[in-house]
Amino acid sequence: MSYLGDAPQLDIKALKLDPDAIRRDFPILQQKVHDLPLVYLDNGASAQKPETVIRAISDYYRTDHSNVHRGVHTLSQRATDRYEGAREKVRSFINAKTTNEIVFVRGTTEAINLVACSYGLEHIDPGDEILLTEMEHHSNIVPWQLLCERSGATLKVAPIDDRGELILESYQDLLNDRTRIVAIAHISNALGTVNPVQKLTNMAHDAGAVVLVDGAQGAPHITTDVEELDCDFYVFSAHKLYGPTGIGVLYGRENLLDAMPPWQGGGDMIKQVRFDGSEFNDLPYKFEAGTPNISGVVGLGAAIDYVTSIGIQNIDDYEKYLLEYATDQASKQSGMRVIGTAREKAAILSFVLDGIHPHDIGTALDHEGIAVRAGHHCAMPVMEHFGVSATVRASFGVYNTVSEIDCLFQGIQKTQEFFG
Amino acid sequence: MNSLRELYQEVIMDHNRNPRNHGVLCDASHKGKGFNPLCGDELELYLYVNKESIIEEIRFQGKGCAISTASASIMTETLRGRSVNEAEKYFHEFRALMTGEAREVDQNFDLGKLEVLNGVSEYPARVKCATLAWHTLLAALEGDTNPARTEY
């Protein structure tokens, strides 16, 4: 049976990817949960890994592992080649100018903390302002709150409307000559809203601010071109991009990174160490103290190869189709309210059911083999805006199918009957 | 959904639909606030403890899932009229039931209706839902004004 089910409006010939073939690339999807085929719809939290990524990491440890940038021996050279080779893949994937602009970090959260600590403490003075949006993930709120506490700056928040879209007039009004940093999500993890980043960046630049884009939900789903977005920093995690956990990317404009002080000190980030002072290494190594997560970087490189082989635009088109199908189903489902109805949306269906708590829905769906997230999605201000304590979130990835969405709605129906 | 029924027993569904002792107690001698950071659920607990250390009145309100609402409701039913010492004993026994630890106090302790929540122990991610009211109870009795958080 084709996983495309019987969705009438899809022109299968126009589809440039084969969901059935893609599913076979992911070993974890071939299992049952509670005796039913696993329907994994928690990609917003973390995506599954294709065989090529798993194999790249295991091959690296079987044949090439050593420390990077250190030895003259063969294995060290191979490890370095794989590590730096992945950096070039990342550069190309987000269209950065040079690999000097690609810093490997632990994940999106660490990247934001790095910018807040290094760029922030250097450039932010008392009375300055940092502007966020109401839809940010906690990881794009708390590092800035900490920076404000340390620097005496003020946090400003641009509100969203009831569709979950940023209110552009309010955003414009909040930008002023005291605004130093603007931090915005590419795609909201709780709502699926795609922000008009290019426009927001232009407006922020006109006010003289630098812009950090939280791309945790952006990079895996839509084309990310940092030159086109014109942002100053772009950050994302590998594990939502079909890569391993514990590794992520900080993209920063070379001139900004160059002028920033190191964040953590240690080996690899220095040229010379003397007790009366040390000379720091060039970019990007200045920000990569200590032995890095080499296997993670190798896995990220393999994940980018995988995504690129399918084509990020094809993934975007397919996931938009899935979202459209799911949104249409949701509109026919009684007692269901979709949270986040932005006109530009990607890959995320957040919802609540009348009279049933999201936690109970999550457990009930799990009994149907369906994995969704139930909770506040680390975006408590968003929950507050919509007057709910939590939502259920189905988030789609490249391997999801229309028949899985049918399973989701059958599960929702059963859940409503069970708790009704 | 048969195995789901083992978790959501009829008594739980009933207490979720019609929570007992629900609401605010204006002349409370002890108040507690509970917060589950995992899901953002909140619970407020009100007690009136008399001079003989008997819980004369106990009420709760808040928003929560079926497990947390039913657990709070059954807790209030169980503890009304009992002494503070007995309530603390119930706390330890109930927590042991949820976490699957050996009963700390008394192997023969009768948890009564609370036993219907036994199935929750099979769902580690949901144990906090069931214990939120109890942690709030302990914080209220100890006079801790900070929101109680579940631990597991």
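Q: How far apart do the C-alpha centres of domain 1 and domain 2 of chain A lie?
A: They are 28 Å apart. This is a predicted model, where local features need pLDDT of at least 70 and side-chain atom pairs count only at 80 or more, while totals for chains, interfaces and linings use all residues. Residues are numbered from 1 along each chain as written, with chains lettered from A and ligands numbered from 1 in written order.

Q: Which residues go in each domain of chain A?
A: Domain 1 of chain A has 12–30 + 311–419, and domain 2 of chain A has 53–308 (bounds from an automatic or database assignment).

Q: And how many residues make the contact?
A: Domain 1 of chain A gives 21 residues and domain 2 of chain A gives 20 (contact: C-beta atoms, placed from the backbone, within 7 Å).

Q: Which element supplies the largest share on the domain 1 side?
A: Helix 11 of chain A, with five residues. Helix 11 (312–332), strand 14 (348–353) and helix 13 (380–385) of chain A each supply at least two (DSSP runs numbered from the N terminus: helices H or I, at least four residues; strands E, at least two).

Q: Switching to chain B, how do the axes of helix 2 and helix 3 cross?
A: The axes of helix 2 (residues 10–17) and helix 3 (residues 66–79) of chain B come within 8 Å and cross at roughly 85 degrees. That makes the two helices of chain B roughly perpendicular (65 to 115 degrees).

Q: Which residues of helix 2 of chain B make that contact?
A: B:Ile12, B:Met13, B:His15 and B:Asn16 do, against B:Ala66, B:Thr69, B:Ala70, B:Ser73 and B:Ile74 of helix 3 of chain B.

How values were computed
Axes are lines fitted to C-alpha atoms, for helices over the stretch in contact, and angles run from 0 to 180 degrees between N-to-C directions. Angles under 35 degrees count as roughly parallel, over 145 as roughly antiparallel, 65 to 115 as roughly perpendicular and the rest as oblique. Two residues are in contact if their C-beta atoms, placed from the backbone, lie within 7 Å.
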